[in-house]
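This report goes through one protein model part by part. Please look at the sequence and the structure below before reading on.

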Amino acid sequence: MRASRLLSILLLLQSRGLLTARQLADELEVSVRTIYRDVESLHAAGIPLYGEAGHRGGYRLLDGFRTRLTGLTAQEARALFLAGMPGPAAELGLGALAAAAELKIEAALPRELREGSRSVREHFHLDAPGWYYDGDRVPHLPDVADAVWNRRVIQVLYSRWAEPSEVDRTLEPYGLVLKAGKWYLVARCEGMMRTYRVNQILTLRVTGETFERPGDFDLAGHWSAYLADFRSRLFQGRATVRLSPAGRERIAQLMGSAVVGAVDETAGPPDARGWVTAGVPIESLTHARTEFLKLGAEVEVLEPAELRARMAETAHALAALYPRDPRDSRADHVMPDSSLYRDMPSVAEHED
């Protein structure tokens, strides 16, 4: 551990120039006293390292000195592809390795290329999750990732949308995919390739078994085919709706491109109030009601009749909660059935 830290100090000074003891301590998450001891050890080993006193002082290497100790370990090489994504790397348990790999590469680059790569990091930042979603809480992700690396069979208790809601699965984990801040596990189960949300794994046990991953398995290609199949099964029906001008504007902000495109393609001429009638694809009646309620009174569902009835039922329940006369007692109003708001997953959550 100490040898690794000494090398890190050397690479930090080689790639970044003058650094104070405090900056080195913060970077390596150790005390300043530890940095002082490490610097003395580097001096004793013959490293041309010297300190500059004063307010703008610090440690630097003698001009022209460059270490050749920049080889990547196997673990650092694995983490390298996540070097620009510190959040996902940390979730996989590879945060420190990714940082070490990035530091070694930076130290090995000529000065002009090193400054250019640092400029890219200063000007561009990747933040994968959406605005209203910070990503999954995935306590079992490091164990899943370890099973993927080492081709270990795992036994999981998995929570899914269908009954029974909790199922035992024995999985051969082929790979992990991060999409829109959510981690998915691609695994073989009972001879079939399936996809699982990692945050829906309730318990995990690593068995003593290993498996052989086919040499020709292409994770990216498999995921692309999975998405194409998913999109083909996503929309299970259609609805006819009326949209106000405000509703048509908001639908472009709140719903997917398939719905927006359908409105643009099928909308008839506006009526005297500017409302248009259009046909749109829907995933399910439950999902469609949830989506259309986002538009409030700026949308009217015409068909199918069952969806219109569900919208009306929800509207009446809301009206009971918000009477026009504030003096009315809540006890005099019928409370809405909680089942109206049960969160039924969409097709996007049918992983198992």
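## A buried histidine

Histidine 140 counts as buried because its relative accessibility is 17%; buried means under 20% relative accessible area, exposed over 50% and partly exposed in between, with a 1.4 Å probe and protein chains only. This histidine 140 sits in the loop between helix 7 (111-123) and helix 8 (141-150). Helices (H or I, at least four residues) and strands (E, at least two) are DSSP runs, numbered from the N terminus.

Which residues is histidine 140 in contact with, leaving aside its neighbours within four places in sequence? They are Ile201, Leu202, Thr203 and Leu204, where contact means heavy atoms within 4.5 Å. Histidine 140 and leucine 202 are 62 residues apart in sequence, and their C-alpha atoms are 8.3 Å apart in space.

## Basis of the model

The model is predicted: local features need pLDDT of at least 70 and side-chain atom pairs count only at pLDDT 80 or more, while totals for chains, interfaces and linings use all residues. Residues are numbered from 1 along each chain as its sequence is written, and side-chain values use heavy atoms, with hydrogens and water left out.

Strands of a sheet pair through backbone hydrogen bonds, either parallel or antiparallel. Here three strands form an open sheet in the order 9-8-10, with antiparallel pairing; two strands pair if DSSP finds at least two bridges between them. Strand 9 (276-282) and strand 10 (299-303) are the edge strands, each pairing on one side only. From one strand to the next the twist averages 35 degrees; angles run from 0 to 180 degrees between N-to-C directions, and axes are lines fitted to C-alpha atoms, for helices over the stretch in contact.

Four bridges join strand 8 (residues 237-243) to strand 10 in the antiparallel sense. Valine 241 has valine 301 in strand 10 as its bridge partner.

## Helices around the sheet

Helix 11 (residues 257-266) packs on the sheet and touches strand 8 and strand 9, its direction making about 145 degrees with that of strand 9. Helix 13 (residues 305-321) lies across strand 8, strand 9 and strand 10, and runs at about 145 degrees to strand 10.

In helix 12 (residues 285-293), the buried residues are Thr286, Ala288, Arg289, Glu291 and Phe292. They pack against strand 8, helix 10 (245-254), strand 9, strand 10 and helix 13.
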